[in-house]
Amino acid sequence: MKRYWKVLQLFWATAIAAELEYRLNFLLAALSSLGGLAGSLFGLFLFYRTGYSFQNWSWEQALVVLGIFTILQGFSSTFLAPNLNRIVRHIQQGTLDFVLLKPISSQFWLSTHTLSPWGVPDLVFGLAVVGYAGSKLGLQASYYLLSLVPIAFGFLTLYSLWFILGAMSIWFVKIYNVTEVLRGLLEAGRYPMVAYPTAYRFFFTFVVPVAFLTTVPAEVILGRGEIGWTLAAGLLAIALLFASAAFWRFALRFYTSASS
């Protein structure tokens with residue numbers, strides 16, 4: 001673990017140094033994130049402007065869900081997209097050969113080799129929205145601490161889904177459309193699950209686990225989370241993490257190197 005931690009520090013220090021050569025991009029990313037958040041707030045406002053509210057979800061409580069969704073977007077933009085989108089490029093160009101020859105886990109290398117600071121604005125804005133809503137609701141600090149557990153599970157779940165899709169590029173090189181479909185489905189997480197009809201709730205809970213990414217952590221922050229849902233989120237995250245590793249090993253059996 002110590003060796004992997006040193007490698008991770010080297011990866012990220014190099015990535016940040018390279019990205020900071022284009023500092024104007026950070027301002028553009030911040031403006032883009034702010035515009036996206038404004039659009040999300042406006043969409044949520046359209047539901048609540050006439051006095052309508054989702055069942056058992058006030059305006060401030062719905063803002064908590066939106067804030068967590070924005071945090072997940074920042075996590076994806078910072079850690080997932082810069083790495084996992086490159087798996088296709090490695091396979092196309094044959095550079096995956098060099099990754100497989102390195103004396104560390106290829107999944108670790110592909111998942112952590114770089115990061116993009118341009119996702120940080122989403123992380124900051126998401127935390128700000130959650131903090132603002134929490135101050136209006138008078139939430140206890142302990143609720144925020146407890147919510148770190150399901151949020152961490154959400155990160156693992158999201159990572160595992162992305163990596164499994166990335167591994168599929170060994171068979172289907174052009175998987176960009178598939179990742180865009182996943183992005184579109186995850187957009188449902190910006191609202192509480194009760195906002196959707198029963199059939200959609202089932203789909204976004206048991207087929208594409210969007211509910212475990214945003215609604216379940218929001219319930220914990222609001223102090224009304226159920227231990228069963230948190231345990232289910234943990235089991236799902238761990239199962240998907242092991243599944244992603246197993247699927248990667250399986251996919252590599254079908255990988256033909258650039259020299260073959």
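Me: What makes a residue part of the lining of the largest pocket, and which ones lie nearest its centre?

Reply: A lining residue has an atom within 4 Å of a pocket point; on a 1 Å grid over the protein atoms alone, a pocket is an open set of points with protein on both sides within 12 Å along at least five of seven lines, whereas a cavity is a set where a 1.4 Å probe fits but cannot get out. Here 16 residues line the pocket, and nearest its centre are Phe75, Ser111, Thr112, Leu156 and Tyr159. Two or more lining residues come from each of helix 3 (59–84), helix 6 (106–112) and helix 8 (141–167); helices here are DSSP runs (H or I, at least four residues), numbered from the N terminus. This is a predicted model, where local features need pLDDT of at least 70 and side-chain atom pairs count only at pLDDT 80 or more, while totals for chains, interfaces and linings use all residues. Residues are numbered from 1 along each chain as its sequence is written, and side-chain values use heavy atoms, with hydrogens and water left out.

Me: How do you know what volume the largest pocket has?

Reply: Grid points get joined across faces, edges and corners, and the volume is the space filled by probe spheres set on them. For the largest pocket, that gives about 440 Å³.

Me: How do the lining residues of the largest pocket divide into nonpolar, polar and charged?

Reply: Ala, Val, Leu, Ile, Met, Phe, Trp, Tyr, Cys and Pro are nonpolar, Asp, Glu, Lys and Arg are charged, and the others, Gly among them, are polar. By that list the lining has 10 nonpolar, 6 polar and no charged residues. In the second largest pocket, with a volume of about 350 Å³, the lining has 10 nonpolar, 5 polar and 4 charged residues. Helix 10 gives the largest share of that lining, 5 residues.

Me: How do you know where the buried residues of helix 4 lie around its axis?

Reply: Buried means under 20% relative accessible area, exposed over 50%, and partly exposed in between (1.4 Å probe, protein chains only). In helix 4 (residues 86–93), Ile87, Val88, His90 and Ile91 are buried. Seen down the axis, they fall within an arc of 160 degrees, so they line one face of the helix; the arc is that of the directions from the axis to the C-beta atoms. The face turned away carries exposed Gln92 and Gln93.

Me: Which helices do the buried residues of helix 4 pack against?

Reply: They pack against helix 3, helix 5 (96–100), helix 6 and helix 8, with contact meaning heavy atoms within 4.5 Å.
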